[in-house]
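Morning, everyone. Let me put the model on the screen, and then we will go through the chains and some of the packing.

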Amino acid sequence: MKKAKASLAVLLSTSLLFGCAQKQEGTEPADDKAKEVGASKLDGVSSEYREYAIGEIEEFVNATEEFTTAVSAGDIEKAKELYAPARMHYERAEPIAEVFGDLDPKIDAREGDVKDEEWGGYHRIEMGLWKENTTKGYEKYAEQLMSDVNLLRAKVETVEVTPDLLITGAVDLLNEVSTSKVTGEEDRYSHTDLYDFVANVEGAEKIYELLTPALKEKDEKLAEEIQKRFDDVYGLLEKHKEGNGYISYTDLKESEVKELSQAIDALAEPLSQIGIVTEES
Amino acid sequence: MKEHTPKDETGLFTKKVSRRNMLKTAGVGGIGVVIGASGFGGLLTLSEQKAKGQTKDIVPFYGAHQAGITTEAQDNLYFASLEVTTDKRSDLIQLFKDWTEAAAQMTAGNLIGEASLNTNMPPKDTGEAKELSPSNLTITFGVGPTLFSKDGKDRFGLKSKRPAELKDLPKFPLDALEEEWSGGDICIQACADDLQVAFHAVRNLVRIGRGKTIIHWAQTGFQRTKQADSQKTTPRNLFGFKDGTVNPDTNDDNEMNEHVWVKGEDGPDWLVGGSYMVVRRIQMYIEVWDRTILKEQENTFGRHRDSGAPLGMKSEFDTVDLEAKDPNGNRIIPEDSHVSLSRGDGKAKILRRPYSYADGMDPKTGSFNAGLLFICFQRNPSKQFIPIQERLAKNDKLNEYIVHRGSAMFACLPGVKKGGYIGDSLFG
């Protein structure tokens with residue numbers, strides 16, 4: 001799910017080559033002004049997104065504070081209750097949170113993703129809560145998690161949000177759903193995968209919303225289709241609501257998992273065309 | 001799960017790189033140098049259509065009939081049965097139009113769509129068939145009975161157009177059908193002399209259909225390759241027997257018109273020039289067969305294994321004489337043999353175009369999960385496939401070694417002219 005980090009040099013040379021191969025069709029329109037407008041429009045989007053993501057991370061800090069306090073206090077039931085909703089903030093802002101390659105695994109690695117002695121964070125505590133039904137011995141993980149999340153909050157200020165980050169981020173969020181949430185591998189002890197699922201979709205939708213005006217200018221039909229597919233996914237998720245949250249992943253029928261997976265595919269396919277907004281008009 | 005690579009900086013995610021700006025900056029004269037220096041010269045071909053002027057290994061897509069029916073069977077098959085998820089007729093029509101365009105491109109050995117300059121978007125074509133020969137790719141589209149109406153609902157205003165012949169097959173004795181291998185609203189049969197080419201075709205069509213269709217089931221299939229059998233002898237199935245000795249001659253238009261292509265008198269006008277396709281996924285009990293003595297194996301098929309000759313005869317194409325008796329007055333070809341029952345009175349013929357499959361191990365039993373994706377084409381299933389299968393299902397000795405797990409029927413649309421689209425006779 002990694003954004004392909006093409007170096008600037010590669011990007012430059014490929015653009016040149018494409019330019020060369022296609023140069024006969026290139027009549028130079030005098031639209032430099034329009035182009036600048038387009039670019040600054042995306043810049044505006046980037047800063048709006050930055051605000052959104054920082055807002056989510058801030059809420060994530062607060063929610064993690066409550067969660068880790070409950071763990072440290074040995075309040076298992078409260079910790080269990082807070083676990084999934086707290087994570088949603090992180091999952092919504094994942095394109096940003098993920099940028100910190102050192103912190104992301106500390107906060108969100110699953111068992112086996114990192115060496116066992118380095119494994120901490122949410123999923124480690126999740127294992128304690130659900131598999132071992134205890135908080136004993138997990139206080140140190142709670143403390144470390146809180147400090148990592150605080151560090152994330154501080155570092156997130158430094159992130160430069162670029163249009164590329166948004167464009168890849170939107171689909172990446174759905175890819176996360178396809179590869180781990182829809183398979184029930186993310187929250188393997190608590191089975192609260194649907195919370196993460198929903199949050200990833202919401203995070204992708206936020207990007208889509210911000211890019212919608214630019215997208216509509218390029219391809220109104222594409223924008224409509226994406227909206228419709230978001231509605232479809234939410235429609236399916238609605239069926240699995242329970243109180244304020246969602247049912248356990250293990251209560252999903254096989255056919256329902258498939259249905260969700262295919263709805264994500266149907267959404268991610270048109271959403272992957274969103275890069276059209278970077279084209280010059 | 002994401003990979004965790006340290007990257008504290010996002011600066012590399014640069015603002016968009018404009019081709020035009022780059023040209024301005026570098027100056028056109030600089031390009032050659034950059035190409036040479038960067039080693040990316042090969043990328044130039046990205047925008048070229050790969051099969052320019054190429055005619056080898058191409059089966060024409062456009063024509064009176066769809067390719068992939070009377071086309072000599074290619075080495076590989078990728079078959080997909082789809083469900084339509086959209087409920088809009090206009091979506092469906094657009095999809096068939098898009099598919100037609102893509103299929104025509106792919107069968108000609110071209111990539112789909114133009115190479116895009118925008119690296120912020122996924123490429124139009126998935127790319128794995130690039131540089132590969134067209135490999136005699138054929139793509140054949142069919143529509144199932146459920147496209148016309150499902151649960152009594154007229155889904156796309158097509159209900160009145162469903163041919164009487166297009167319906168679920170009757171339940172035959174011993175059928176053990178599974179929903180996951182049966183039915184479907186639309187089928188795509190991609191055949192090619194290369195499995196990657198065939199898969200590429202279906203993958204891209206399914207991709208184009210995403211949001212409007214989903215895969216219901218899919219199956220790969222193979223035959224001996226042309227490379228392995230340059231003499232083009234009759235293929236053998238996974239039981240080691242020649243399969244398809246008596247098939248109507250696809251080079252004989254009269255035979256095809258008589259047995260395969262739907263005519264005006266047969267049913268709806270929109271299907272004239274099309275054909276009914278029956279698909280059966282037949283699991284073969286490989287292990288059981290392997291411990292069956294040769295005599296029993298041969299009596300099961302009614303043919304000699306090595307030569308393929310009818311029992312008691314010398315050569316594969318010797319006349320099958322079902323009445324022939326041995327000195328004790330017993331039939332030489334058992335009445336319950338596969339040959340005997342398939343033939344019946346010899347009047348009903350179907351065009352068989354089957355492929356073997358081998359899908360690893362059955363996790364439940366530890367046995368091979370292998371068999372035959374039986375595919376046949378005909379004008380009139382109720383007079384052709386159905387009576388034949390009724391005879392086989394009741395009495396075929398082969399039933400001890402096989403079980404029918406999947407079943408589907410599709411009406412393969414007539415061929416399409418340039419400028420038209422697959423299904424235009426149905427929707428028009």
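What share of the 281 residues in chain A is buried? Buried residues make up 56% of them. By buried I mean under 20% relative accessible area; exposed is over 50%, and partly exposed is in between, with a 1.4 Å probe and protein chains only.

Some ground rules. This is a predicted model: local features need pLDDT of at least 70, side-chain atom pairs count only at pLDDT 80 or more, and totals for chains, interfaces and linings use all residues. Residues are numbered from 1 along each chain as its sequence is written, chains are lettered from A and ligands numbered from 1 in the order in which they are written, and side-chain values use heavy atoms, with hydrogens and water left out.

Chain A next. It has 11 helices and 2 strands. Helices here are DSSP runs of H or I with at least four residues, strands are runs of E with at least two, and numbering starts at the N terminus. Along the sequence the order is α-α-α-α-α-α-α-α-α-α-β-β-α. Now contacts, meaning heavy atoms within 4.5 Å. Among chain A contacts between residues at least 6 apart in sequence, 76% join residues at least 24 apart.

On to helix packing. Two packed helices are described by the angle between their axes and the distance between the axes. The axes are lines fitted to C-alpha atoms, for helices over the stretch in contact, and angles run from 0 to 180 degrees between N-to-C directions.

Look at helix 8 of chain A, residues 163-181. Its axis and that of helix 11 of chain A, residues 254-271, come within 10 Å and cross at roughly 160°. That makes helix 8 of chain A roughly antiparallel to helix 11 of chain A. The cut-offs: under 35 degrees is roughly parallel, over 145 roughly antiparallel, 65 to 115 roughly perpendicular, and the rest oblique. The crossing of helix 8 and helix 11 of chain A is left-handed. Left-handed means the near helix is turned anticlockwise from the far one by less than a right angle; clockwise is right-handed.

Which residues meet there? From helix 8 of chain A come A:Ala170, A:Val171, A:Leu174, A:Val177 and A:Ser178. From helix 11 of chain A come A:Ile264, A:Asp265, A:Leu267, A:Ala268 and A:Leu271. By class, this contact of helix 8 with helix 11 of chain A has 8 nonpolar, 1 polar and 1 charged residues. Nonpolar covers Ala, Val, Leu, Ile, Met, Phe, Trp, Tyr, Cys and Pro; charged covers Asp, Glu, Lys and Arg; the others, Gly among them, are polar.

Helix 8 of chain A has another partner, helix 9 of chain A, residues 193-218. Those two pack at about 160°, with axes 9 Å apart. So helix 8 of chain A is roughly antiparallel to helix 9 of chain A. Helix 8 of chain A passes helix 9 of chain A in a left-handed crossing. Their contact has 11 nonpolar, 4 polar and 4 charged residues.

Stay with the loop between helix 8 and helix 9 of chain A. A:Asp187 lies in that loop. Is A:Asp187 buried or exposed? Buried, at 0% relative accessibility. Leaving aside neighbours within four places in sequence, its contacts include A:Tyr83, A:Arg87, A:His123 and A:Glu126. A:Asp187 and A:Met127 are 60 residues apart in sequence, yet 9.1 Å apart in space, C-alpha to C-alpha. A:His191 lies in the loop between helix 8 and helix 9 too. A:His191 has a positive phi of about 55°, although it is not a glycine. A:His191 is partly exposed, at 25% relative accessible area.

Now helix 6 of chain A, residues 122-131, and helix 7 of chain A, residues 139-156. They pack at about 150°, with axes 9 Å apart. They are therefore roughly antiparallel to each other. This crossing is left-handed.

Last, chain B. It comes to 11 helices and 11 strands. Of its 428 residues, 50% count as buried. B:Leu174 has a positive phi of about 75° and is not a glycine. B:Leu174 is exposed, with a relative accessible area of 57%.
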